[in-house]
Amino acid sequence: MPTPKAVTIQDAALHLKEGKCVAMPTETVYGLAARVDSAEGIAAIFKLKERPHFDPLIVHVSDMNQVSELVNEWPPVAQSLATAFWPGPLTLVVKKKVSLNPMISSGLDTVGLRMPNHPIALALIKAAGHPLAAPSANRFGRTSPTTAAHVSLEFKAALDSGEILLLDGGACDVGVESTVCLVKHDQIIILRPGGVTREALLEHFNKSSEFRDVTVTESPGNAASPGHTEHHYETAKPLIVSWSEPFGARSEYSFENKTIAASRTHELKLDADPRLAARMLYACLREGDEHVGSDALFIQRHFSTRDERGLWEAIDDRLSRAARLQIGKIPERGA
Ligand code: TXA
Ligand code: MG
C-alpha cells in the first residue's frame with residue numbers, strides 16, 4: 001500500500017481557504033479549525049461535530065494585531081493576562097466586534113480568544129492569514145482528542161473523503177483544554193477550569209501593582225459558558241468516578257436502571273503528578289473504551305492533604321462531567 005502523503009501547512013491553509021476544516025494540534029487538545037471569515041467552514045465545524053448552535057467557538061490568533069480585528073473592547077486587564085499567559089492555555093472572553101460571524105459566538109455579544117502555544121497551530125494561523133475558530137476535534141459531548149490517532153477515530157469518514165485534513169503534531173503536552181475566563185474590568189470569572197491554574201491567575205494579580213484588586217471567581221453554575229454542560233467528555237463505556245472508596249469495595253455498581261458487576265468493570269489509574277495526569281487523562285479514558293472484557297470503567301481520585309488545586313481542578317471538572325456515577329464528593333480544598 002502506498003504511504004499516505006504527509007499534509008503540509010500549505011495544503012492545510014489552502015483547504016481552509018476553500019471553506020473546509022483542518023484538524024490541528026494545540027498544546028491542550030486537537031482542534032477542528034476553520035477560518036473566521038469563512039461562513040462555510042464555520043458551518044462545517046458545527047455539522048461535523050454535531051454541535052448545538054448554542055455552544056460558541058474559541059477563536060485562535062497568532063499575533064496581537066488579529067485581536068483588534070475581532071474585539072470591540074480590550075480591557076487593560078485582558079492585555080495584562082495575554083502578556084503573561086499567551087501563547088498558552090488561557091481563553092479570554094471579551095466583547096466582540098459586530099462584524100464577527102454570529103455563529104462563532106452563538107449570538108452572544110462576546111468572543112473567546114486564545115493564542116495557542118504550539119508551533120503547528122501558530123504556523124497554520126499565519127499561513128491562513130486569518131484567525132481560526134476551533135473547538136476540540138471530537139463529536140459533541142465526547143472525550144477530547146490529544147493525539148492525531150484520536151482525531152482519526154472521531155472523524156474517520158470525513159478524513160477518508162478528504163473533507164477534513166489532519167495535521168499530525170504528536171501528543172498534546174497539556175492534555176486538558178484551556179481555562180476559559182470572562183474578563184470584566186476588575187473581575188475575572190472562570191467559566192471553565194483548564195491548563196492555566198487558578199493559583200497562577202491569583203499570583204499574577206497579587207504581584208501586579210496595577211491589578212492587585214482584580215478578583216478571580218467562578219461562574220455560578222454554567223450559566224455563562226453555554227457549552228460546558230453537565231454531561232460532557234463522555235466515554236463510550238459508562239465511567240464510574242470515586243472521590244472516596246477504592247475499586248472493589250463493592251461487588252456491583254448500580255446506576256441508570258442497570259447493574260454492572262465489579263468483575264465487568266475495568267479500573268483506570270491516573271498519575272499522582274497532576275501534570276502527567278492531565279497529559280494522559282483523555283488517552284487513559286480512550287484506552288478504557290478499547291479494553292476488552294469490560295462494560296464499565298472505574299477511576300478513583302486519590303487526595304492528599306498537601307494537594308493544591310492546581311491542574312487537579314481541571315482534571316476533577318472533566319472527571320465529574322464524564323462520570324455516569326459518582327461515589328462520594330470532591331473534598332473541599334483551599335485555593
Ligand atoms: O484548549 C482549548 O480551549 C481547545 C483548543 C482546541 O483550543 N478548545 C476547546 O474548545 O476546548 P471547545 O469548543 O471544545 O470548548 C470551548 C468552551 C465551551 O465550553 C464554550 O461554551 C466556551 O468555551 N466559550 C467559547 N466562547 C465563549 C463565549 N463567548 N462566552 C462563554 N463561553 C464561551
Ligand atoms: Mg470540547
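**Reading the cores and the sheet**

Q: Leaving aside its neighbours within four places in sequence, with which residues is I188 in contact?
A: Contact means heavy atoms within 4.5 Å. Beyond those sequence neighbours, I188 touches V77, L81, C181, L182, V183, F205, V214, T215, V216 and T217. The model is predicted, so local features need pLDDT of at least 70 and side-chain atom pairs count only at pLDDT 80 or more, while totals for chains, interfaces and linings use all residues. Residues are numbered from 1 along each chain as written, chains are lettered from A and ligands numbered from 1 in written order, and side-chain values use heavy atoms, without hydrogens and water.

Q: Which residues have the most contacts inside the largest nonpolar core?
A: Such a core joins buried (under 20% relative accessible area, 1.4 Å probe, protein chains only) Ala, Val, Leu, Ile, Met, Phe, Trp, Tyr and Cys through side-chain atoms within 4.5 Å. Here the largest one has 51 residues, and W86, L90, L92, L113, I188 and L201 have the most contacts inside it. Helix 4 (residues 76-85) gives the most to this core, with five residues. A second, separate core of 24 residues includes V176, A278, Y282 and I299.

Q: What is the strand order in the open sheet of four strands?
A: Strands of a sheet pair through backbone hydrogen bonds, either parallel or antiparallel. In this open sheet the order is 14-15-11-16, with parallel pairing (at least two DSSP bridges); strands are DSSP E runs of at least two residues, and helices H or I runs of at least four, numbered from the N terminus.

Q: Why is one side of strand 14 and of strand 16 left without a neighbour in the sheet?
A: Strand 14 (265-268) and strand 16 (325-327) stand at the edges, so each has a single partner strand. Three bridges join strand 16 to strand 11 (residues 239-242) in the parallel sense, and S242 stands opposite I327 in strand 16.

Conventions
Buried < 20%, exposed > 50% of the residue type's maximum accessible area, 1.4 Å probe, protein only.
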